[in-house]
Amino acid sequence: SDRYNPQEIEPKWQKIWEEEGLYRTVEDPERPKWYALTMLPYPSGDLHTGHWYAFTPSDAAARWRRMNGYNVFFPIGFDAFGLPAENAAIKHGIHPKEWTYANIERMRRQLRQMGAMWAWDREAITCDPEYYKWTQWFFLKFYEAGLAYREYAPVDWCPSCNTTLAREQVWGEDRHCERCGTPVIKKELEQWKFRITRYADELIEGLNQIDWPERVKVMQINWIGRSEGAEVTFHTEQGDPVVIFTTRPDTLWGATFMVLAPEHLLVDKVTTPEQWEEVQAYKAAAARLDEITRTATDKEKTGVFTGGYAINPVNNERIPIWIADYVMMGYGTGAIMAVPAHDQRDFEFAQKFGLEIRRVISGPNGEDGPLTEAYDSKEEGFMINSGPFDGTPVKEAAKKVTAWLEETGKGKAAVNYRLRDWLISRQRMWGAPIPIIYCPQCGTVPVPYEELPVRLPDDAEFKPTGESPLKYHAGFRYVKCPRCGGDAERETDTMDTFMCSSWYHYAYVSPYWKAGETIHADDMPWDPEKGEYWLPVDQYTGGIEHATMHLLYTRFFTKALRDLGIVNFDEPMLRLFNQGTILGPDGEKMSKSRGNVVNPDDYVGKYGADTVRGYLMFIGPWELGGPWDPSAIEGVSRFLHRVWHVVVEEGDPAQQEAEPAGEELRALERKLHQTILKVTDDIANFRFNTAIAAMMELNNLLLRLKETPVYGSALWQEAIETLILLMAPIFPHISEELWHRLGHTESVHLQRWPEGDPEKAREEEITVVVQVNGKVRDKLLVSPGTDKATLESQALALGNVQKWIDGKQVRKVIVVPDRLVNIVVG
Ligand code: ANZ
Ligand code: ZN
């Protein structure tokens with residue numbers, strides 16, 4: 001029969017598109033390029049609804065660009081390194097590689113079912129040696145440029161299993177080992193870091209160059225956390241200098257104690273014998289907590305007096321030195337002057353331990369009484385109890401005091417960032433090995449470029465030790481030094497997988513440019529001509545959860561590559577759109593344990609990919625996400641069946657003979673152009689839900705007109721062709737099928753996007769007379785069919801009418817649509 005059968009037409013068109021190379025990538029200098037990028041998936045096993053929700057609207061937007069004359073690049077790949085593969089290997093005794101590639105195979109099949117315009121010819125898989133040899137190449141470049149360095153850094157460590165733990169292996173508020181329940185401790189290991197902090201300012205300023213959601217920009221700015229202030233040198237009573245960082249140098253006279261981070265190097269030196277035991281116990285307890293717990297503002301303040309004292313350089317006062325875990329070693333200098341009157345954390349601490357609270361900033365009108373909480377305004381008030389600075393308005397105070405500190409050599413202006421250097425070492429096997437060799441003679445020796453990739457062994461043994469199998473793989477670990485030829489050892493840590501995903505959008509441009517060949521220091525990771533054509537990314541789409549990590553790392557990466565002369569632009573992605581999250585029918589996050597997971601394959605099997613695509617785009621604004629609604633999918637399915645009916649099924653031939661009424665033709669023409677304009681604007685702004693609603697309205701009109709003489713007219717033909725074109729980005733298969741059924745031989749996806757004519761879209765206006773007590777007082781210009789309520793309220797709002805009813809009560813309003821409004825007052 002000739003019913004709409006997605007199970008038949010979808011695989012058919014997917015096959016034809018592939019055979020005809022419809023989405024093959026060509027660098028065509030004649031057309032403007034558009035690089036549409038969606039965040040690459042992790043090959044976890046099956047493609048889930050979240051992938052469909054992220055990818056199919058991205059595809060629709062890319063297809064729309066293409067129909068607007070752009071040469072569109074819409075690549076796909078796999079972010080294929082990471083811990084789940086390693087866990088699966090331990091559980092099932094198979095190599096992570098096997099597990100990963102089997103998943104990739106399955107997911108490729110599922111990705112093809114979407115009918116997306118993926119550029120499969122440029123696929124990239126981050127765990128391919130041909131890929132990660134370049135990841136390693138970048139590491140070496142960064143190392144040479146002084147952007148990669150090695151330093152002691154804490155890891156979570158289980159003292160009972162004797163192993164490092166990944167973040168997800170640390171459980172509970174007491175932070176215990178997932179396997180044995182022992183409380184986790186921090187241990188210092190030598191690890192590799194990237195100097196992202198060198199770019200802190202530029203990472204803030206660069207946000208002005210890109211069209212990204214404000215929310216993401218704010219998150220990045222907060223993450224970088226730039227603070228201006230001063231460093232001031234205090235001294236301990238024994239004479240050791242202690243530098244503190246403060247954003248409020250104007251409160252120096254209110255410092256009533258000092259707090260060191262428990263890890264601060266001077267702690268042991270200032271601690272008196274009486275306080276020794278308590279201080280050591282506190283240090284051990286603090287070492288177990290992570291930063292988020294320690295700095296939480298609602299955490300009860302804890303701390304210990306060291307017994308030592310410091311001298312405040314501005315007034316030579318002697319103040320006690322405490323240690324407390326709310327002061328972090330990794331920020332500022334790891335030491336603070338505590339000003340309880342004007343800093344809430346210090347206030348709570350002083351209250352708890354009975355320390356002096358001295359006000360040094362008055363209220364806006366000189367108020368200087370005791371405080372019930374810290375007074376922290378930087379806008380209002382004056383310096384008080386501050387010697388020569390008394391009376392200085394707080395707005396200019398920090399600047400003045402800093403200048404004075406510099407003059408007197410007591411301190412200097414300083415900028416601090418919350419951002420830390422990027423720790424890339426992972427004590428894991430399933431990642432790109434760090435290409436470094438340690439030689440007892442030569443020290444740290446980079447692996448020569450020509451020897452890349454440093455390959456992961458295929459025969460590593462996976463035991464649930466929690467330690468990298470690379471450490472126990474003699475063939476991998478023990479090597480000759482590339483410099484002196486003596487016995488040496490490889491680095492056995494691998495790189496953070498965010499490193500792999502920092503440059504995948506460059507790899508897509510021409511992946512595996514030199515597959516299987518030796519690479520050199522002066523090679524390029526991708527074909528520079530192709531890069532010149534496609535880069536940077538024009539539109540990036542993906543989840544908000546990547547706002548700080550991935551999206552910041554990839555920006556850093558690009559700036560570093562620019563400084564290395566590898567790219568010639570500053571920002572990797574010019575536009576960004578964050579989609580929302582699709583939830584289970586219960587409105588909760590989909591998860592296996594909740595049992596509310598929707599398997600897209602089931603729905604594709606039942607309704608076809610076009611319906612699932614359209615449904616996901618129809619449920620609401622894309623950026624909001626929302627719950628999966630099994631009944632609403634029927635509505636979209638019905639729409640497609642109706643479109644099929646309108647286009648494919650014969651109408652009444654008798655109607656084709658009759659002359660269509662001018663009014664109906666005009667109504668269709670108007671609706672048609674209104675729909676084009678609306679859908680165009682909506683898709684351009686990722687409002688797929690309202691675009692689909694507009695298509696449904698147009699189709700409803702066509703359904704009605706099919707029973708009238710409009711059916712079969714030239715305009716009718718134009719309308720159904722246009723509807724199919726408008727549907728093509730969102731519903732690629734059915735529109736291709738219908739397009740061909742109308743007699744076309746070229747793909748619908750190669751057609752130009754229809755152009756809406758605002759003149760034709762304009763509503764006609766008619767005059768409605770407005771009377772007050774039966775006398776004509778004014779008139780309204782409205783579109784035909786305007787409803788009664790609208791006419792009434794517009795009439796009442798007219799100035800002339802207001803004048804005539806002034807002070808009187810409106811008793812009744814009589815409305816005759818398209819004709820008149822009569823307002824009865826008295
Ligand atoms: C005295 C002071 C008085 C402060 C006052 C604030 C208000 P942001 O804005 O986040 O940069 N601080 C400095 N180093 C710290 C560390 N390692 N751990 C915890 N706190 C630290 O915060 C800077 C302020 O946080 C600094 O200014 C310091 O407290 C504290 F009325 O110094 B302030
Ligand atoms: Zn050597």
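Predicted model: local features only at pLDDT ≥ 70, side-chain atom pairs only at ≥ 80, totals over all residues.
Which domains does the domain assignment of the chain give?

1. Domain layout. The assignment divides the chain into domain 1 (6-126 + 502-583), domain 2 (229-417), domain 3 (630-760) and domain 4 (763-825). Between the C-alpha centres of domain 1 and domain 2 the distance is 49 Å.

2. Surroundings of ligand 1. The shell around ligand 1 consists of 20 residues, and the closest are Ser 227, Thr 246, Tyr 331, Gly 332 and His 342. Two strands, E11 (241-246) and E15 (335-338), each contribute at least two residues to this shell. By class, the shell holds nine nonpolar, eight polar and three charged residues.

3. Packing of H19 and H23. Two packed helices are described by the angle between their axes and the distance between the axes. For helix H19 (residues 609-618) and helix H23 (residues 688-705), the axes come within 7 Å and cross at roughly 115°. On the H19 side the contact involves Gly 614, Met 617 and Phe 618, which meet Phe 688, Asn 689 and Ile 692 of H23. This contact comprises four nonpolar and two polar residues, with no charged residue.

4. Cis peptide bonds. Most residues other than glycine have a negative phi, and most peptide bonds are trans. The bond joining Leu 452 and Pro 453 is cis, with omega about 0°; Pro 453 belongs to the loop between strand E20 (443-446) and helix H13 (474-477). The bond from Leu 535 to Pro 536 is also cis, with omega near -5°, and Pro 536 is placed in the loop between helix H16 (528-534) and strand E24 (539-543).

5. Asn 316. This residue is not a glycine, yet its phi is positive, at about 55°. Asn 316 occupies the loop between strand E13 (304-312) and strand E14 (317-323). Is Asn 316 buried or exposed? Asn 316 counts as exposed because 7 other C-beta atoms lie within 10 Å, and the exposed class extends to 12 or fewer.

6. Asn 385. A positive phi of about 50° is likewise found at Asn 385, again not a glycine. Its position is the loop between helix H11 (344-353) and helix H12 (394-408). Asn 385 has 16 C-beta neighbours inside 10 Å and is therefore classed as partly exposed.

How values were computed
Residues numbered from 1 in each chain as written. Chains lettered and ligands numbered in written order. Near = placed C-beta within 6 Å. Helix = DSSP H or I, 4+ residues; strand = E, 2+ residues; numbered from the N terminus. Nonpolar A, V, L, I, M, F, W, Y, C, P; charged D, E, K, R; others polar. Axes fitted to C-alpha atoms, helices over the stretch in contact; angles between N-to-C directions. Contact = placed C-beta atoms within 7 Å. Domains from an automatic or database assignment. Buried ≥ 20, exposed ≤ 12 C-beta atoms within 10 Å, placed from the backbone.
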